[in-house]
Amino acid sequence: MPKSTTPTYTLSKTGEFSIRQYPHSSPFASFFPGIAGEWGIPMWVFYVNRGQGIASFGVQDKDHPIMEFLPASRAWRLVTLQGFRTFIKIHRGGKLHYYEPFQFPRTHSIRVIQTMRIEPHELMIEEENRDLGLTFQVRYFTVPNEPFAALARILTITNLASKKQRISVVDGMPVMIPYGMADWFIKHMSRTIEAWVQVDNLENGAPFYRLRVEPHDRPEVVHIDKGNFYCGFSENNGKTNRLTPIVDPTILFGAVSDFSLPANFICTPLRIPRIQHASEKTPCAFGVAEEIVPAGGSVALYSLFGHMSSRDSLNASLPQIQQVSFFQKKEKENQQLIRELTHPIAAASANPAWDGYCRQSYLDNVLRGGKPVLLGEKRKRVFYIYSRKHGDLERDYNQFVVPATYFSQGNANYRDVNQNRRNDVWFYPEV
C-alpha cells in the first residue's frame, strides 16, 4: 500500500475520532444513537467506513427501511453503489470533466485525501482533491424533536482554485425504498412488489414514496397514507434554490442498471422530463443543481430523507424544513440532546480520552437499558425511554424495534435490561 493511502487514526481532545484515508482501513460497521428526544420520532441509521458511509436507515424496524437493511458483509460490498452518491461535472476550458467523490481513486497518481470523522451525535466525511481544486464535505445527523423522522445530509463543495468554477451536481440515493415495502419483499420478491409502487408530489419538489395498498393476501384492501420522502435545496452566497428531484433512475443512469456510472449525465446534457415515470418501478432520490463556485468559496446542498404520516403533512412542513436555519438548529439540538443524556456520568480528568470513553459507554448502556423518566402526579411511576435491542450490521440476526413514536422504547433482551439498569440507583437515585 502506498504511503499516501495508509490510514491513520486520531482522537481529538473534543472526542472526535477521525480516520484519514478511511476507505483503505479495515472495514467496520457502526450506528447512530437513534434518539430523537422525548417528543421526537427516532430513526435507525447504520454506517460503514466505505463510500459515503451510510449503508442502511429507516424507521421502526427492518421492515420499514428507507435505505435497505444490509448485513455488514453486504454493506461493505454495496454501499459504494447503493449508498449515497455524488456526481460532478466541471465546466472548464470548453470541456467537461466528470468526477465522483468518495470512491476509490482509479489511479494512485490522483492526489486525494479522504477522511471520516465520527462523533456521538453525527458522522462527517471529507475528500480533498488537489487535482480538481475542490473539497467535498458531507455531514449526517438525525433530526430531533419533530413529529417526523429524518436523516439530514449536508454536502459542501469548496473551490480551492484561484478562479471560479462552474459545476453541475447530482446528489442523492440510487435506490429509495417506498414505505410499505418490507424487508422480505425487498430481498425475495423485489420485482413483483414494484407493481404496488407509487411516487407523487413531484410538483412540490418533494417526492413522496409509498406502496398504494398493503400487499397482503386478504379480502379487504388497505390503502397506505404514510410515506417516505426526499427534499433538498442548495445555498450559494446566501441565495437558496430548490433542487430539481429525480425519481426515475433511468433518467440518470440510462441503460447502466448496476448504477456504476450515470451514463446520461456523463455523455449528454442531463434532461429531466416534465413528467417522470415514477411508479411501478424501484425509484431513486436525487437532486440536481447548477452552480458557479467563486474562488475560495463554497456551495452547500441540504437534503432530508425521512418518513411522514401523510403527503399533506409533508407539504405543510416544507416551508419550515427547506431552510438553512432549520438544519443549523436541528444539528445543534441533536448534539445538545446526546450531551445532556450522557451528563450524569460526565468526568473531567487529566485524560480527555477517558472522559469521552465514559460518556460513550454510558450512552451505549442507555441504548440497551433505557433512561428512566418519572411519571404521574407524585412522580412515582418509572418509565424507560430509548431502550431497544442492539441491531448493528454485524448482529444481523437481531429483530430490533425502534418505535416511531414519542417517548420511544423498543424490544430488548432480559439480560441486557438487567445488565444495563443496575447502575440507575447510582445515576438516578430517585428511581
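Author: β3 (29-31), β4 (44-48), β9 (112-119), β10 (122-129), α6 (324-341) and α7 each give at least two residues to the lining of the largest pocket. Helices (H or I, at least four residues) and strands (E, at least two) are DSSP runs, numbered from the N terminus. The model is predicted: local features need pLDDT of at least 70, side-chain atom pairs count only at pLDDT 80 or more, and totals for chains, interfaces and linings use all residues. Residues are numbered from 1 along each chain as its sequence is written, and side-chain values use heavy atoms, with hydrogens and water left out.

Reader: Which element supplies the largest share of the lining of the largest pocket, and what volume of space lies in that pocket?

Author: Rolling a probe the size of a water molecule over the atoms shows where empty space is left. On a 1 Å grid over the protein atoms alone, a pocket is an open set of points where a 1.4 Å probe fits, with protein on both sides within 12 Å along at least five of seven lines; lining residues have an atom within 4 Å of a point. Here the largest pocket holds about 1,200 Å³, and α7 contributes the largest share of its lining, 11 residues. Of the 47 lining residues, Glu119, Pro120, Gln360, Leu363 and Asp364 lie nearest the centre.

Reader: Which element gives the most to the lining of the second largest pocket?

Author: That element is α3, with 3 residues. The second largest pocket has a volume of about 410 Å³. Its lining has 21 residues, and Gln82, Val175, Glu194, Phe259 and Thr282 are the closest to its centre. Two or more lining residues come from each of α1 (72-82), α2 (183-188) and α3 (249-253).

Reader: At what angle do α6 and α7 pack?

Author: Two packed helices are described by the angle between their axes and the distance between the axes. Axes are lines fitted to C-alpha atoms, for helices over the stretch in contact, and angles run from 0 to 180 degrees between N-to-C directions. For α6 and α7 the angle is about 90 degrees and the axes are 9 Å apart; the two helices are therefore roughly perpendicular (65 to 115 degrees). Ile338, Arg339 and Leu341 of α6 make the contact (heavy atoms within 4.5 Å) with Arg359, Tyr362, Leu363 and Val366 of α7.

Reader: At what angle do the axes of α7 and α8 cross?

Author: The axes of α7 (residues 352-369) and α8 (residues 414-421) cross at roughly 135 degrees and come within 8 Å.

Definitions and conventions: Grid points are joined across faces, edges and corners, and a volume is the space filled by probe spheres set on the points. Angles under 35 degrees count as roughly parallel, over 145 as roughly antiparallel, 65 to 115 as roughly perpendicular and the rest as oblique.
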